[in-house]
Amino acid sequence: MIEIKNLNRDWGDFSIKNLDLTIQNGEYFVLLGPTGAGKTLVLELIAGFHQPEKGYISFNGNNIDSLPPEKRNIGFVYQNYSLFPHMNVEQNIGFGARMRGIKNPKIRDMAEYLNISHILHRNPITLSGGEQQRVALARALIINPDILLLDEPLSALDPRTQEDTRKILKKVHEDTGVTVVHVTHDQTEARVLADRIGVMMDGGLMQVGTPGEIFNKPVNNKVADFVGVENVFKGIVTRSNNGMINLDVYGNNICAISNYEKGETVYGCLRPENVTISKTEFESSARNTFYATVVEMELMGVLLRVKLNMGKDFNINSLITRQSATELDLKPGDRVVVSFKAAAIHII
Amino acid sequence: MIEIKNLNRDWGDFSIKNLDLTIQNGEYFVLLGPTGAGKTLVLELIAGFHQPEKGYISFNGNNIDSLPPEKRNIGFVYQNYSLFPHMNVEQNIGFGARMRGIKNPKIRDMAEYLNISHILHRNPITLSGGEQQRVALARALIINPDILLLDEPLSALDPRTQEDTRKILKKVHEDTGVTVVHVTHDQTEARVLADRIGVMMDGGLMQVGTPGEIFNKPVNNKVADFVGVENVFKGIVTRSNNGMINLDVYGNNICAISNYEKGETVYGCLRPENVTISKTEFESSARNTFYATVVEMELMGVLLRVKLNMGKDFNINSLITRQSATELDLKPGDRVVVSFKAAAIHII
Amino acid sequence: PMLVIFFLSLSILLFFVFITLSNMILQQIVTDFSGLIEAVRDSSVLEAIFLSLYSGFLATLLSFILGVPTAYLLARKDFAGKRIIESILDIPVVVPHTVAGIALLTIFGANGLIGDPLESIVRFRDAMAGTVVAMLFVSAPYLTNSAREGFQSVDPRLENAARSLGAPLWKAFLFVTFPLASRHLLTGSIMCWARAISEFGAVIMLAYYPMVGPTLIYERFTSMGLSESRPIAVLLILVTLTIFVILR
Amino acid sequence: PMLVIFFLSLSILLFFVFITLSNMILQQIVTDFSGLIEAVRDSSVLEAIFLSLYSGFLATLLSFILGVPTAYLLARKDFAGKRIIESILDIPVVVPHTVAGIALLTIFGANGLIGDPLESIVRFRDAMAGTVVAMLFVSAPYLTNSAREGFQSVDPRLENAARSLGAPLWKAFLFVTFPLASRHLLTGSIMCWARAISEFGAVIMLAYYPMVGPTLIYERFTSMGLSESRPIAVLLILVTLTIFVILR
């Protein structure tokens with residue numbers, strides 16, 4: 001268990017103010033926030049690269065502030081990978097073992113696990129971003145760290161590689177049970193990976209909770225503005241046919257464009273302005289039409305955010321004009337028809 | 001008239017190959033293309049900062065290749081503004097007159113015209129991006145250039161300032177009648193400003209034509225991929241009420257979210273995946289419902305691009321799944337109902 | 001522990017430089033202040049120091065006239081043999097000082113390639129012109145390198161903008177590039193001047209007379225010993241350090 | 001037209017440096033090749049050149065031991081007075097050479113602050129130790145500055161990564177930072193060595209004997225004239241330039 005108590009630290013343009021945070025062992029914790037919020041500084045404080053000015057950090061009940069970084073048994077993966085450019089991939093991965101005097105580290109096993117055994121003798125600068133990221137991960141994992149710190153691990157990658165890397169991170173966490181602290185500014189990434197999310201802004205934590213809590217019940221406007229843009233839902237592929245998939249989301253059958261295979265778990269993203277509400281069913285090119293209940297209506301300037309429940313915990317937001325709400329005579333509790341196009345869903 | 005004939009030039013990572021282009025006097029010409037296409041190099045060749053390796057450039061029938069840049073009477077505005085940091089705004093604007101030995105340049109008039117007279121004594125580095133851009137524009141315009149070259153003039157600005165600057169560029173072009181060559185990678189910007197557009201890729205021109213021609217009839221897949229994402233339509237605001245506007249687009253009354261005033265001319269952008277097609281009318285939260293005729297259907301993988309005519313020259317694309325097309329039994333010539341939400345339209 | 005050892009290294013190096021200079025100056029002031037006063041009143045000392053400053057100034061002026069255009073070309077243009085030219089221009093920094101003296105004497109001496117034809121106009125051997133040439137040889141690279149860095153730090157697009165506004169290349173250079181590089185040019189000039197004044201080996205071989213500061217110090221040292229030469233050394237270092245501090 | 005004038009400046013500067021050095025070397029080889037052969041066979045010449053190279057090497061070694069840790073601290077740490085420390089460490093570059101000699105003699109001489117207590121162990125005046133100390137004084141800043149640039153060019157996050165992998169600071173330095181800065185360290189060492197060998201003024205004041213190359217050149221020049229000293233100068237410059245080219 002990582003316990004951060006009343007942490008304060010200024011460094012360059014960044015500052016952390018009175019930060020309290022507890023992260024359980026084995027948890028996948030995501031620190032989500034805009035650029036400049038001080039997220040990386042928190043990671044560097046946990047790793048011991050900086051010392052707190054006030055407050056302390058403890059691990060499993062022991063204050064670790066006086067431990068130098070090399071004694072903390074923490075894996076750190078920087079956004080720019082920070083591979084040693086004068087060593088090949090194998091030497092990079094083996095560096096931790098070499099520093100600890102471990103003979104015969106299982107470099108090959110780790111490389112196979114992360115699917116980089118074919119590049120062991122390459123120089124890091126000749127690798128693609130995704131490959132470099134996997135090497136950095138291998139290098140950090142081979143020392144069996146208690147905590148894995150990830151600094152924006154996906155943000156320098158192209159979308160396709162992001163997807164692969166996300167899967168690898170999930171697998172690593174499941175297989176090793178390592179405690180992960182993952183820093184990102186991307187809410188979708190946070191949603192998809194996190195057990196719990198801490199929303200960080202201006203050097204402080206605004207809200208800590210499960211993805212459901214953060215995205216459905218943001219504590220204030222700032223958090224809502226930052227996380228409130230998209231509908232993100234998790235589903236299992238029940239059918240995949242020529243680029244079209246059917247997804248089961250809490251019993252709803254949702255149609256989308258993607259090449260995922262049957263049985264895979266995926267996330268769908270849907271912008272609320274693309275969700276149409278009507279009172280009666282109709283035939284159209286929108287492939288997804290469902291009955292739903294209006295849960296909540298919130299005024300946002302000239303628009304209304306309508307929160308719709310589509311059964312169980314499946315909530316979806318729609319953004320409609322006030323005029324539409326008046327014409328449809330929409331009230332909380334109403335039974336309505338919700339429709340959105342398969343092409344409007346972005347599958348990750 | 002600028003005539004570019006068989007232009008060839010390598011410079012650093014960029015190269016221009018066999019480029020032919022004619023730009024009329026008084027025209028607003030936009031060079032549109034992805035990063036690295038060599039667009040800025042074309043501008044720098046017209047300005048005379050580089051010399052062609054093959055081919056030539058002529059202006060009003062005179063070959064200008066042997067003219068040094070200072071004799072070409074061309075205004076150049078760089079993406080980073082390139083204001084002289086050791087001079088204040090007034091000295092920056094007056095630089096051209098000083099170089100030409102002109103007494104009493106009308107700096108104040110120009111500053112008032114571009115609404116920067118309150119910052120004449122400021123140092124450029126203390127200004128916002130939009131202010132710097134207007135100073136750079138004033139500095140280039142005060143020499144009464146025959147040609148105004150703009151290198152990505154909007155790409156470093158935030159959306160709100162982009163809008164203001166776009167208006168300024170339109171006004172400057174209308175008031176002075178100067179020939180403008182504007183380089184950008186933003187198709188909306190091109191659509192909104194250009195008399196004609198040249199699509200540039202890999203150092204060559206793929207297509208030259210009016211915005212209508214480029215966006216409706218891209219000559220090949222590459223151009224289509226690059227320009228084909230959005231529906232962009234021009235309309236006049238007929239009603240503006242508390243953040244909602246009504247637009248007249250070729251006689252169609254379109255509802256959107258914006259603060260523009262009645263009588264203003266605006267552009268609406270709408271992604272084709274947000275356009276729903278049905279065979280019958282229905283009541284829903286989609287504020288815009290129109291009858292349209294299917295003009296063309298083009299297969300794009302698992303999706304179909306359906307080109308719809310909504311009267312006169314008002315065409316709109318919709319992206320629907322093949323399954324929807326089958327279920328709706330859609331064929332060219334069909335009369336259908338098209339709907340899209342007011343919130344899904346982005347007004348610029 | 002590593003940082004402690006590292007700080008120890010820094011302290012030793014700092015102590016070595018600081019104590020060496022301050023010990024000389026303080027010892028002079030504390031134990032033989034009258035000697036310093038005497039040196040200030042000695043017109044040959046003042047003349048030598050003035051000559052050092054003045055020939056150093058002339059060498060810097062020449063370095064500026066030749067080095068600034070050179071630096072601009074090296075910063076802005078690509079041409080064949082640029083790397084070799086840069087290497088050749090840097091050689092004087094590493095040439096042993098008396099070797100430079102021999103080389104300069106060979107070419108600027110009475111029978112030298114340049115000294116001979118110019119003999120009726122200007123003499124270098126044992127003349128101020130020789131001092132200036134020797135200083136120029138060893139100090140010019142300092143100005144050229146600093147000026148090149150300065151020009152490289154000016155965005156070429158600013159020059160392009162100036163040219164599109166009607167400035168010929170020379171005006172763009174004069175009104176835009178030059179003022180924006182001025183800080184580097186000033187630093188380079190100070191370095192160049194300091195290096196020129198510091199030179200001893202090359203100067204004495206080409207022009208032992210008229211004596212500059214370093215030569216006079218050496219001459220007094222060999223003929224009269226440490227106690228007679230040190231006041232001049234202290235005076236020279238105080239004068240030059242004062243001027244640097246003022247110029248920076 | 002401006003560029004033509006600029007190219008003219010470059011040509012003059014290039015010509016000045018190039019012709020000065022090549023004229024000396026060529027004239028020696030063409031008109032007095034036997035003198036060069038004689039110099040090669042003269043054991044006192046070879047000893048002096050060897051002593052130059054060897055004491056230069058020792059001075060560079062000391063500069064490395066003191067300068068590399070210093071450079072690392074200046075590159076990585078912020079502390080009070082850092083700017084002043086940097087300025088002090090740079091002073092030797094601009095100190096007139098004979099002033100440096102006087103200062104070193106004051107402190108390392110028989111009655112000096114350091115020379116006196118150490119007299120029974122090591123003598124500096126007219127000894128190789130003096131030559132090395134004089135060379136160290138003038139050449140250390142070249143290595144320190146280059147090393148600092150080198151360390152600044154290494155991303156501190158690489159050190160952080162190494163430490164998180166179990167490397168104490170000294171191992172992170174030894175296995176990551178040091179090898180990545182090695183190119184700068186090598187360049188700095190070469191510059192330092194070249195500067196050490198080139199020194200004349202400070203060396204002759206502290207240690208005229210045993211004679212290093214530049215001193216022997218001067219001694220032969222004053223006692224026997226240009227024609228007897230030039231072969232040594234040519235030999236010294238050829239040897240040092242050859243070593244630079246090999247090391248680079």
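Copies are superposed by least squares on the C-alpha atoms of residues with pLDDT of at least 70 in both. This is a predicted model, in which local features need pLDDT of at least 70, side-chain atom pairs count only at pLDDT 80 or more, and totals for chains, interfaces and linings use all residues. Residues are numbered from 1 along each chain as its sequence is written, while chains are lettered from A in the order in which they are written.

**View 1. Chain D laid on chain C.** A turn of 180 degrees and a shift of 0.0 Å along the axis bring chain D onto chain C. The RMSD is 0.1 Å. The two copies are therefore related as by a two-fold rotation axis. Look for G201(D): in chain D, its C-alpha is the nearest to the axis, at 3.1 Å.

**View 2. Where chains C and D meet.** Contact means heavy atoms within 4.5 Å. Of the 4 pairs of chains that touch, chains C and D have the most contacts. Of the interface residues of chain D, 100% are also interface residues in chain C, so the copies meet through the same surface.

**View 3. Chain A laid on chain B.** Here the turn is 180 degrees, with a shift of 0.2 Å along the axis.

View 4. Chain A and chain C share no contact. Their closest C-alpha atoms lie 12 Å apart. Chain B and chain D do not touch either. Between them, the nearest C-alpha atoms are 12 Å apart.

Conventions: Heavy atoms only, no water.
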